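This note is intended for a colleague who is meeting the structure for the first time. The numbered points below go through selected local features in turn.

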Amino acid sequence: MATLLLTHPACLKHETGEHHPEAQERLKKVLHHLEREEFHFLHRDQAPRATTSQLSLAHPLNYIEAVERAIPKAGEALINIDDDTVISPGTWEAAMRSVGGVCYGVDEVMKKKARNVFCATRPPGHHAETSRAMGFCFFNNAAIGAIYAVHTYPEVKRAAVIDFDVHHGNGTQEIFYNSPNLFYASSHQSPGYPDTGRESETGVANNICNVELKPGAGSEEFRAAYTDKIIPKLKAFDPDIRIISAGFDGHLRDPMAHMRLTTQDFEWVTEELLKVANAHCEGRVVSVLEGGYDEDALAACVAAHVKTLMHA
């Protein structure tokens with residue numbers, strides 16, 4: 001089995017306007033890096049469209065329909081639903097491919113057609129709450145993927161999302177908080193957007209693990225967060241599949257936060273999470289792109305992340 005890359009051209013059609021950090025160029029740069037010779041053996045496929053039933057695993061139908069109704073027609077102006085989150089004519093199709101990609105990735109891993117999966121899609125998802133779009137996100141890709149695995153495969157009793165984006169995934173936490181068979185772990189800058197993710201927030205069954213990192217934190221603090229806190233709790237929860245919310249905006253060059261991580265830190269955390277997955281859940285890992293807003297740093301970090309997945 002090989003690592004599978006899932007993406008779709010529609011994800012480049014979600015427009016966010018001039019100077020917006022979550023721009024098409026992020027994904028273009030990532031995909032360009034993944035065309036290099038070292039990724040020759042990376043399997044590739046197109047992310048399918050999500051179904052309404054998949055979206056409904058984390059979001060009520062009235063919210064899904066409201067997002068769809070808000071999509072402007074071709075040629076119409078972009079719509080800001082808050083200070084950060086922009087809807088364009090291409091947003092719906094891009095969002096459908098982002099959700100569909102992670103669910104298809106779960107299928108490929110569970111059916112042993114892929115060793116692991118990376119979803120190079122946008123818009124991102126971890127800020128999307130049950131009935132609220134925010135932080136560049138409309139539907140919670142990672143959360144839906146985890147719930148989909150539990151609902152679809154009898155052998156999956158518990159699922160986890162591990163989130164190393166520099167911003168706390170408030171949406172994933174909100175969706176998982178009262179579900180004892182779903183685990184969410186996040187390392188994130190605090191204080192920082194969206195001002196959630198306190199370490200005291202532990203969920204209905206100790207199924208939430210937040211590690212707050214101070215602005216300026218670097219490799220030592222980041223690695224300790226996983227070695228001392230997140231990985232022990234992940235092992236204790238013992239999920240049958242792991243979804244990674246792979247955000248790379250903790251990089252020292254990223255303009256959206258104030259942490260000092262390097263490409264090697266993201267390579268290291270990927271290795272550590274894969275070790276646990278290989279030992280405890282047959283290596284079942286689906287990773288989905290979240291943040292990362294310095295395009296060159298993002299592309300380098302994704303390349304290191306995917307290379308590590310390929311060598312698992």
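Where is aspartate 195 found?

1. Aspartate 195 is found in the loop between β7 and β8; helices (H or I, at least four residues) and strands (E, at least two) are DSSP runs, numbered from the N terminus. The model is a predicted one, in which local features need pLDDT of at least 70 and side-chain atom pairs count only at pLDDT 80 or more, while totals for chains, interfaces and linings use all residues. Residues are numbered from 1 along each chain as its sequence is written, and side-chain values use heavy atoms, with hydrogens and water left out.

2. The backbone of aspartate 195 deserves a remark. Aspartate 195 is not a glycine, yet has a positive phi of about 60°. With a relative accessible area of 49%, aspartate 195 is partly exposed; buried means under 20% relative accessible area, exposed over 50%, and partly exposed in between (1.4 Å probe, protein chains only). Aspartate 238, in the loop between α7 and β9 (241-246), also has a positive phi, near 55°. Aspartate 238 counts as partly exposed because its relative accessibility is 28%.

3. Two cis peptide bonds should be noted. One joins arginine 122 and proline 123, with omega about 5°, and proline 123 has its place in the loop between β5 and α5. Another runs from serine 190 to proline 191, with omega near 5°; proline 191 is found in the loop between β7 (182-189) and β8. As background to this point and the previous one, most residues other than glycine have a negative phi, and most peptide bonds are trans.

4. Histidine 126 belongs to the loop between β5 (116-119) and α5 (141-152). Is histidine 126 buried or exposed? Histidine 126 is buried, because its relative accessible area is 3%. Its side chain is joined to that of aspartate 163 by a polar contact of 2.7 Å. A polar contact is a pair of N or O atoms within 3.5 Å; within protein, one must be able to donate a hydrogen and the other to accept it, and residues adjacent in sequence count only if both atoms are side-chain atoms. Leaving aside neighbours within four places in sequence, the contacts of histidine 126 include Asp165, His167, His168 and Glu290, where contact means heavy atoms within 4.5 Å.

5. Threonine 130 is likewise found in the loop between β5 and α5. Threonine 130 is partly exposed, with a relative accessible area of 24%. Apart from neighbours within four places in sequence, threonine 130 is in contact with Ala58, His59, Pro60, Tyr63, Glu174 and Ile175.

6. Glutamine 54 has its place in helix α2 (residues 52-55) and counts as buried because its relative accessibility is 12%. A polar atom of the glutamine 54 side chain lies 3.0 Å from the backbone nitrogen of threonine 51. Setting aside neighbours within four places in sequence, glutamine 54 is in contact with Arg49, Gly100, Cys103, Ile144 and Tyr148.

7. Helix α7 (residues 219-237) packs against helix α8 (residues 263-280) at an angle of about 15°, with their axes 11 Å apart. α7 is therefore roughly parallel to α8. Axes are lines fitted to C-alpha atoms, for helices over the stretch in contact, and angles run from 0 to 180 degrees between N-to-C directions. Angles under 35 degrees count as roughly parallel, over 145 as roughly antiparallel, 65 to 115 as roughly perpendicular and the rest as oblique. Among the residues that meet are Phe222, Tyr226 and Ile231 in α7, and Trp268, Val269 and Leu273 in α8.

8. The axes of helix α1 (residues 24-33) and helix α9 (residues 295-310) come within 9 Å and cross at roughly 40°, and the two helices are therefore oblique to each other. Residues of α1 including Arg26, Lys29 and Val30 meet residues of α9 including Leu298, Ala299 and Val302. In α1, Gln24, Arg26, Leu27, Val30, Leu31 and His33 are buried. The cover over the buried residues of α1 includes β1 (3-7), β10 (285-289) and α9.

9. Leucine 213 lies in strand β8 (residues 208-213) and is buried, with a relative accessible area of 5%. Not counting residues up to four places away in sequence, leucine 213 touches residues including His188, Phe222, Ala225 and Met259.
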